[in-house]
Amino acid sequence: MWEDFGEYIANLSDKKEVKIVEVAIGRYTGVYDYLNSKENIEILKTDISPADETVIFDDITSPNLELYKDADIIYSIRPPSELQPYLIKLYHKINATLIIKPLFNEDLNIKPNIMKLKNYKKASFYIVEK
């Protein structure tokens, strides 16, 4: 499933140069690692509690907008429901495609919900494009 999710995001780039930011990466880096292996993708990983020096500190409730400048895609895997509205606020400020992969069977905490459910191979997630 995770490779399918990463493949979908990589396919959005259509082989052109893209900037992607993973928000609230936590300790799971599988999707980041997959995307980072692509030559046309510049990718950053952020979290309020960086696991190591490769993760950039950022608080999504008061984001450093410079980190997201020129981002084409922002995604977050299993963000807590209380952070989901902040991802939408960031989407509106940055004008990048936003993808949220919630916990299995979790509804989004976004009102009104502008995101569409997408199924790609074995991956299910929500997306709103710029």
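In what order do the 7 strands of the open sheet line up? They run β3-β2-β1-β4-β5-β7-β6, and the pairing is mixed. Before the close-ups, a word on the model: it is predicted, so local features need pLDDT of at least 70 and side-chain atom pairs count only at pLDDT 80 or more, while totals for chains, interfaces and linings use all residues. Residues are numbered from 1 along each chain as its sequence is written, and side-chain values use heavy atoms, with hydrogens and water left out.

**View 1**
Strands are DSSP runs of E with at least two residues, helices are runs of H or I with at least four, and both are numbered from the N terminus. Two strands count as paired if DSSP finds at least two bridges between them. At the edges stand β3 (56-57) and β6, each with a single partner strand, so one side of each has no neighbour in the sheet.

**View 1. Strands β1 and β2, side by side.**
β1 and strand β2 (residues 41-47) run parallel and are joined by 5 bridges. At 12% relative accessibility, K19 counts as buried; the cut-offs are under 20% relative accessible area for buried, over 50% for exposed, and partly exposed in between (1.4 Å probe, protein chains only). K19 and I43 are 24 residues apart in sequence, with their C-alpha atoms 5.8 Å apart in space.

**View 2**
Strand β6 (residues 116-120) pairs with strand β7 (residues 123-128) in the antiparallel sense, over 5 bridges. K121 is exposed, at 58% relative accessibility.

**View 3. Helix α1 and what covers it.**
Helix α1 is mostly covered, with 8 of its 11 residues buried. Those buried in α1 are W2, D4, F5, G6, E7, Y8, I9 and A10. D4, which lies in helix α1, has a relative accessible area of 14%. D4 and T97 are 93 residues apart in sequence, and their C-alpha atoms are 18 Å apart in space. After α1 comes D14, with a positive phi near 55 degrees.

How many salt bridges does a search of the whole structure find? It finds 1, counting a side-chain nitrogen of Lys or Arg within 4 Å of a carboxyl oxygen of Asp or Glu. E7 forms a salt bridge with K121, and their closest N and O atoms are 2.8 Å apart. The pair links distant parts of the chain: E7 belongs to helix α1 and K121 to the loop between β6 and β7, 114 residues apart.

**View 4. A patch of negative charge on the surface.**
E17, E42, E66 and D70 gather here in a patch of negative charge. Patch members have over 30% relative accessible area and no salt bridge, and like charges are joined within 9 Å. Asp and Glu count as negative, with the charge placed at CG of Asp or CD of Glu. E17 is in the loop between α1 (2-12) and β1 (18-22), and E17 is exposed, at 62% relative accessible area. D70 is in the loop between α3 (65-68) and β4 (73-77). D70 is also exposed, with a relative accessible area of 60%, and its phi is positive, near 65 degrees, in a residue other than glycine.

L87 lies in helix α4 and is buried, with a relative accessible area of 1%. The C-alpha atoms of L87 and D33 are separated by 22 Å, and the two residues are 54 residues apart along the chain. N95 lies in the loop between α4 (84-94) and β5 (97-101). N95 is not a glycine, but has a positive phi of about 65 degrees. N95 is partly exposed, with a relative accessible area of 47%.

Methods:
Patch = residues over 30% accessible without salt bridge, like charges linked within 9 Å, V, L, I, M, F, W, Y side chains within 5 Å. Areas by Shrake-Rupley, 256 points an atom, 1.4 Å probe, with all protein chains shown as cover.
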